[in-house]
Amino acid sequence: MLFRKMNKVESGLSILGFGCMRLPVTKDGNIDENQATDMLRYAIDHGVNYVDTAYPYHNGESEPFVGRALQGEYREKVNLATKLPSWLIKSRADMDRYLDEQLKRLQTDHIDFYLVHGLMKPFWENLCPLGITDFLDSAIADGRIKYAGFSFHDELALFKEIVDAYDWTFCQIQYNFMDEQHQAGTEGLRYAADHGLGIVIMEPLRGGMLTRDIPSINNIWKKAPVQRSLPDWALRWVWNHPEVTVVLSGMSSFEQVEQNVGYAKSGLPNSLSQEELSLHIEVEVEYKMRI
Ligand SMILES: NC(=O)c1ccc[n+]([C@@H]2O[C@H](COP(=O)([O-])OP(=O)(O)OC[C@H]3O[C@@H](n4cnc5c(N)ncnc54)[C@H](OP(=O)(O)O)[C@@H]3O)[C@@H](O)[C@H]2O)c1
């Protein structure tokens, strides 16, 4: 496993983070707790030290699952990230109430990386007058959270406004080789990095879409000097950006965890050649013709 650092965080973070939004489920739709626990613990045993969950994932069952799966020595081996459900907040007191509930669900006394979840214009405009920055300051001061960040799903201009509005440690954005111009995009990535924020990436495989076997895409990759799998090419493209700290993947099988942990052994910044980056562009164009 490789590790990278955020400006305002002392310890290194694994370049692969475990996203707990797409855990394996049983026939009745509940989290397959045995399999998911094995996957999470395998990842941690192989160096993953960043685990990302949120209040609504798996109908509210992701946080309690993570709390159980990390019992014993696992909790202290990881940086735990979860998120304030921004769309449910109606008062300043709600912020404390949700955070306290999340600490109970996760069976922990602190959240390492706490994000304001899924910021979009109406949620941000609601949270500001309710005192979101005061809440974050006080939750850091009383030790319930270590680092504050936000995740984002809106336009670039709002992204920059939010970056400027608070002394964030980090942000979480959607980013992959198909989405350089989408939401925060490459310009937002660089803006946040220039302002000292660590960057966590979500949807690096576009929710799995970039791993689907398509003959015309496979033919482009066959021209590469080194042969890699589709998820390897997609993850490697994100890790190639030195601004990126952690890339989250929402893995849904044990095999995917083994593979992605393997790819993370060599996801160095600026490691892709011009020839390989040109193939990413060719693949992007081919995908976009199909959408
Ligand atoms: N803050 C937010 O608003 C927000 C929004 C979205 C996500 N997130 C977080 O970010 C995490 C990552 O996003 P994501 O889950 O969309 O990530 P992703 O890596 O883009 O997509 C995950 C999907 O990719 C496929 N996959 C992963 N590894 C693979 C491999 N080695 N081979 C083949 N297929 C593979 C699986 O699809 P199949 O299941 O179809 O096999 C998996 O469910 C989430 O889990 C969540 O923690 C946050």
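Predicted model: local features only at pLDDT ≥ 70, side-chain atom pairs only at ≥ 80, totals over all residues.
Residues are numbered from 1 along each chain as its sequence is written, and side-chain values use heavy atoms, with hydrogens and water left out.

**Around Gln172**

- Gln172 sits in strand β8.
- Leaving out residues up to four places away in sequence, Gln172 touches Asp52, Lys83, Leu115, Phe150, Ser151, Phe152, Val200, Met202 and Leu248 (contact means heavy atoms within 4.5 Å).

**The whole chain**

- The protein chain has 12 helices and 10 strands (DSSP runs numbered from the N terminus: helices are H or I with at least four residues, strands are E with at least two).
- Its radius of gyration is 19 Å, close to the 19 Å that the globule rule gives for 291 residues, so the chain is as compact as a globular protein of that length (taken over C-alpha atoms; the rule is 2.2 Å times the number of residues to the power 0.38).
- The C-alpha trace spans about 55 × 45 × 35 Å along its principal axes.
- Buried residues make up 55% of the 291 residues in the protein chain.
- Of the contacts with a separation of 6 or more, 78% link residues 24 or more positions apart.

**The barrel**

- Eight strands form a closed barrel with parallel pairing, in the order β3-β4-β5-β6-β7-β8-β9-β10 (two strands pair if DSSP finds at least two bridges between them).
- Neighbouring strands of this sheet are turned by 30 degrees against each other on average, direction ignored (axes are lines fitted to C-alpha atoms, for helices over the stretch in contact, and angles run from 0 to 180 degrees between N-to-C directions).
- Strands β6 (residues 111-119) and β7 (residues 145-152) pair in parallel over 6 bridges, and Leu119 stands opposite Phe152 in β7.
- Strand β4 (residues 50-52) runs parallel to β5, joined by 3 bridges; the bridge partner of Val51 is Leu80 in β5.
- On to β6: 4 bridges join β5 to that strand, again parallel, and Ala81 has Phe113 in β6 as its bridge partner.
- For β5, 6 of the 6 residues are buried, so this strand is largely enclosed by the rest of the structure.

- Together, β5, α4 and β6 make a right-handed β-α-β unit (with the strands pointing away from the viewer, the path from the first strand over the helix to the second runs clockwise).
- Asp94 lies in α4 and counts as buried at 11% relative accessibility.
- Asp94 contacts Leu88 and Ile89, neighbours within four places in sequence aside.
- Asp94 and Leu84 are 10 residues apart in sequence and 9.8 Å apart in space, C-alpha to C-alpha.
- Helix α8 (residues 185-194) lies across β8 (170-174) and β9 (198-202), running at about 150 degrees to β9.

**An enclosed helix**

- In helix α10 (residues 230-239), 10 of the 10 residues are buried, so this helix is largely enclosed by the rest of the structure.
- Among them are Trp233, Trp237 and Trp239, along with Asp232 and Arg236.

Technical notes:
Buried < 20%, exposed > 50% of the residue type's maximum accessible area, 1.4 Å probe, protein only.
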